[in-house]
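I opened this model to look up a few things. My entries follow the order in which I checked them.

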Amino acid sequence: MGELAPAHVRVRVPSKVNLFLRITGVRDDGYHELVTVLQTVSIHDTVVAEIDRSGVSAHPAARRFMELAFTAEGQEGVPLDASNLAVRAARCLMDHLGIGRATSELAGETGSGAGEPVRGPCAVPDDGGEVVLPTATGVPVTRLHLTKRIPIAAGMAGGSADAAAALIALNRLWQADLDLDELRGLAAKLGADVPFCVSGGTALATGTGVTTAQVLARGTYHWVVGITDQPLSTPQVYRAFDEVGVSSDAEPDAVLQALRTGDDEALGAALHNDLQVAAFQLVPELVGRRDAMLAAGALGAIVSGSGPTVVALASSAQQAVRLAAEVEPVFDRVEIALSPAGGPELAGE
Ligand code: ATP
């Protein structure tokens, strides 16, 4: 605290690839347990959070409440309602901080009946519907804007990255001063990949994926990211895995050792994903797309997470450019990216 509150905060957040993923079991509640090595890659989304205090009531209670407005651009198919993970993250933080719920203190001002909530945790409906700017005045409005570049439902944790970015942006904008551990605690309520996305870098995740530990990674890796427009829902891929998949007995050691020494050839050879067989079952064309990456000279190629994105490791920036050009015809979109890509980057104004 003590610092002047920023009026505008921008967070740029990277996507991820799974360098290793092994399913180790299924819990009674249906959640899969896994061991996975995650690393951020340089395809980013951006979340901008701004606070609008125009028309804010002088009533002291107004300072404790907040409305939320959400907009997004960049790709079709981004949910614009309260199901968007960035909005869910904002609401989660609001609930945690107790700034979302209005009480009778403001009721007199807005004409609502005494004791009735004047507004909910934010001005977006719980289940579906367009997010509309609040029409009521009297309390500050936080405007959250998402620019989406990470492919959607593609196994690159785009939604989780946006949730992490929203937590970090709003923690700063609202001067909540939660530390990274507290943010990761909230993140764990939002989704398995969100705690990793709060920190970024390279991590080993276990359990349902929520428990993460940073691991040593030397060097920079050059990736060709092959994007398939057909989305794959993560639960659907896990269901397919339960039907067709056989858990491997693979261990992450070879990937971890390659990262420790910065050995891209060893990393390419060690890439592993138990979910790949399920993604192949659901989208058979992915087999040929992965094979095209290998035939073009990739050090290794693999479906990332639940897919359908296929990532291929190149030996250099130049080779990545050549490889990307060669496989472009077999994918809907191809990008070149670097890893590790750090974590969410915050810029305030
Ligand atoms: P993971 O790699 O963590 O399994 P993913 O990359 O496969 O995730 P996401 O892009 O996170 O998948 O999207 C999964 C679903 O979540 C989408 O189909 C979409 O409806 C919903 N969703 C909610 N919020 C977002 C968001 N901010 N960006 C993208 N999708 C979102």
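I began at the ligand, where one of its nitrogen atoms is 3.1 Å from an N or O atom in the side chain of Lys148. I count a polar contact as a pair of N or O atoms within 3.5 Å; within protein, one must be able to donate a hydrogen and the other to accept it, and residues adjacent in sequence count only if both atoms are side-chain atoms. The model is predicted: local features need pLDDT of at least 70, side-chain atom pairs count only at pLDDT 80 or more, and totals for chains, interfaces and linings use all residues. Numbering runs from 1 along each chain as its sequence is written, and side-chain values use heavy atoms, with hydrogens and water left out.

For Ala154, a backbone N or O atom is 3.3 Å from an oxygen atom of the ligand. Alone, the ligand exposes 610 Å², and the protein buries 78% of that. These areas come from the Shrake-Rupley method with a 1.4 Å probe; for residues, only the protein chains shown count as cover. I listed 21 residues around the ligand (a heavy atom within 4 Å). Those that come nearest are Ala153, Gly159, Asp162, Asp193 and Thr234.

**Thr309.** Ala154 came up again here. Its backbone oxygen lies 2.8 Å from a polar side-chain atom of Thr309. I placed Thr309 in the loop between β9 (300-303) and β10 (310-314). Helices (H or I, at least four residues) and strands (E, at least two) are DSSP runs, numbered from the N terminus. Is Thr309 buried or exposed? It is buried, at 0% relative accessibility. My cut-offs are under 20% for buried, over 50% for exposed, and partly exposed in between (1.4 Å probe, protein chains only). Leaving out residues up to four places away in sequence, Thr309 touches Ala154, Met156, Val225, Gly226, Ile302, Val303 and Ser304. Contact here means heavy atoms within 4.5 Å.

**Backbone geometry.** I looked for exceptions next. Most residues other than glycine have a negative phi, and most peptide bonds are trans. The bond from Gly307 to Pro308 is cis, with omega near 5°. Pro308 sits in the β9-β10 loop. The bond from Ser339 to Pro340 is also cis, with omega near -10°. Pro340 is in the loop between β11 (333-339) and β12 (345-348).

Ala157 has a positive phi, near 60°. It lies in the loop between β4 (141-147) and α3, and is buried at 12%. Asp177 has phi near 60°. I found Asp177 in the loop between α3 and α4 (180-190), partly exposed at 46%.

**Core.** Last, I looked up the largest nonpolar core, which has 72 residues. Such a core is a set of buried Ala, Val, Leu, Ile, Met, Phe, Trp, Tyr and Cys residues joined through side-chain atoms within 4.5 Å. Leu19, Leu144, Leu167, Trp174, Trp223 and Leu267 have the most contacts inside it. Helix α3 (residues 158-173) gives the most, with 10 residues. Where does this core lie? Domain 1 (8-20 + 41-200) and domain 2 (221-339) both give residues to it, so it lies between them. Domain bounds come from an automatic or database domain assignment. A second, separate core has 29 residues, including Val224, Val303, Leu323 and Val327.
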